[in-house]
Amino acid sequence: MVVSRRPERAQAFARRAAEESEVEVRAVGTVEEAVRERDVVVVATNSPVPVLDAGWIAPGTHVTTLDSSRSHATKSPPPRWTTHTSS
């Protein structure tokens, strides 16, 4: 699932990604729709405001944020997420 503030960009990206990866990629209308009930979520944004509510993320979901040093990926601390480190 892919979402963007500009639906035409999400649709273009979904088409291109599906063609290049041979994996189903679909544009959706909301961030919530894109992340609910997913096993893996990747947030790639430079938004200065939160774009993702931690309540939308199911326990056990792997979440990766790109460029999070410049953005706030979540509205609230992720109490249901676990951070794993290599030993």
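Colleague: How many salt bridges does a search of the whole structure find?

Modeller: This is a predicted model, in which local features need pLDDT of at least 70 and side-chain atom pairs count only at pLDDT 80 or more, whereas totals for chains, interfaces and linings use all residues. Residues are numbered from 1 along each chain as its sequence is written, and side-chain values use heavy atoms, with hydrogens and water left out. A salt bridge is a side-chain nitrogen of Lys or Arg within 4 Å of a carboxyl oxygen of Asp or Glu. The search of the whole structure finds one: the side chains of Glu-32 and Arg-36 meet at 2.7 Å, N to O.

Colleague: How accessible are Glu-32 and Arg-36?

Modeller: Relative accessible area is read with a 1.4 Å probe on protein chains only, where buried means under 20%, exposed over 50%, and partly exposed in between. Glu-32 counts as partly exposed because its relative accessibility is 29%, and Arg-36 is also partly exposed, at 34%.

Colleague: Is Thr-61 buried or exposed, and where does Thr-61 lie?

Modeller: Thr-61 has a relative accessible area of 11%, so this residue is buried. Helices (H or I, at least four residues) and strands (E, at least two) are DSSP runs, numbered from the N terminus, and Thr-61 lies in the loop between S1 and strand S2 (62–66).

Colleague: Which backbone oxygens lie by a polar atom of the side chain of Thr-61?

Modeller: The backbone oxygen of Arg-38 lies 3.0 Å from a polar atom of that Thr-61 side chain, and the backbone oxygen of Ala-58 lies 2.9 Å from one. If contact is taken as heavy atoms within 4.5 Å, Thr-61 touches Arg-38, Asp-39, Val-40 and Val-41, leaving aside residues up to four places away in sequence.

Colleague: What lines the largest pocket?

Modeller: On a 1 Å grid over the protein atoms alone, a pocket is an open set of points where a 1.4 Å probe fits, with protein on both sides within 12 Å along at least five of seven lines, and lining residues have an atom within 4 Å of a point. Here 27 residues line the largest pocket, and Val-2, Val-3, Ser-4, Val-42 and Ala-44 lie nearest its centre. Helix H1 (7–21), helix H2 (31–35) and strand S1 (40–44) each supply at least two residues of this lining, with S1 giving the most, five residues.

Note on methods: Polar contact = N/O pair within 3.5 Å; in protein donor to acceptor, adjacent residues only side chain to side chain.
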